Amino acid sequence: MLELRPNCECCDRDLPPESDQALICSYECTFCASCAEQQLGGICPNCGGNLVARPIRPAARLLKDPASSRRVLKATGCAKL
């Protein structure tokens, strides 16, 4: 099950579970669409994998399997590629 992290690792923008602006890599690194496109070119700066739209977990399922509250933020920010 995906962790559904609550923020963009680059800019710390909130990305709630229902957000259609969240992108992830295969390691679940999480970025907002703006950072992913404008700064990262669709590539995860942590693993080099591609970033894809994060699935939206149905609200009823969030009750049983809630999203993560652990915020991850890159200390150095995200440099342009």
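Visitor: In what order do the strands form an open sheet, and what is the pairing?

Guide: The model is a predicted one, in which local features need pLDDT of at least 70 and side-chain atom pairs count only at pLDDT 80 or more, while totals for chains, interfaces and linings use all residues. Residues are numbered from 1 along each chain as its sequence is written, and side-chain values use heavy atoms, with hydrogens and water left out. In this model, 3 strands form an open sheet in the order 2-1-3, with antiparallel pairing. The edge strands are strand 2 (30–32) and strand 3 (52–53), each of which pairs on one side only. Strands are DSSP runs of E with at least two residues, helices are runs of H or I with at least four, and both are numbered from the N terminus.

Visitor: What makes Cys10 and Cys78 a disulfide?

Guide: A disulfide is a pair of cysteine sulfur atoms within 2.5 Å. The S to S distance between Cys10 and Cys78 is 1.8 Å, so the pair qualifies. Cys10 lies in the segment before strand 1 and Cys78 in the segment after helix 2 (59–64), 68 residues apart, so that the pair links distant parts of the chain. A search of the whole structure finds 1 disulfide.

Visitor: Why is the disulfide of Cys10 and Cys78 called left-handed?

Guide: The torsion about the S-S bond of Cys10 and Cys78 is about -90°, and the disulfide is therefore left-handed.

Visitor: What makes Cys25 count as buried?

Guide: Buried means under 20% relative accessible area, exposed over 50%, and partly exposed in between (1.4 Å probe, protein chains only). Cys25 has 5% relative accessibility and so counts as buried.

Visitor: Why is Ser19 called buried?

Guide: Ser19, in the segment before strand 1, has a relative accessible area of 11% and is therefore buried. Leaving aside neighbours within four places in sequence, Ser19 is in contact (heavy atoms within 4.5 Å) with Arg54 and Ile56.

Key:
Pairing = 2+ DSSP bridges.
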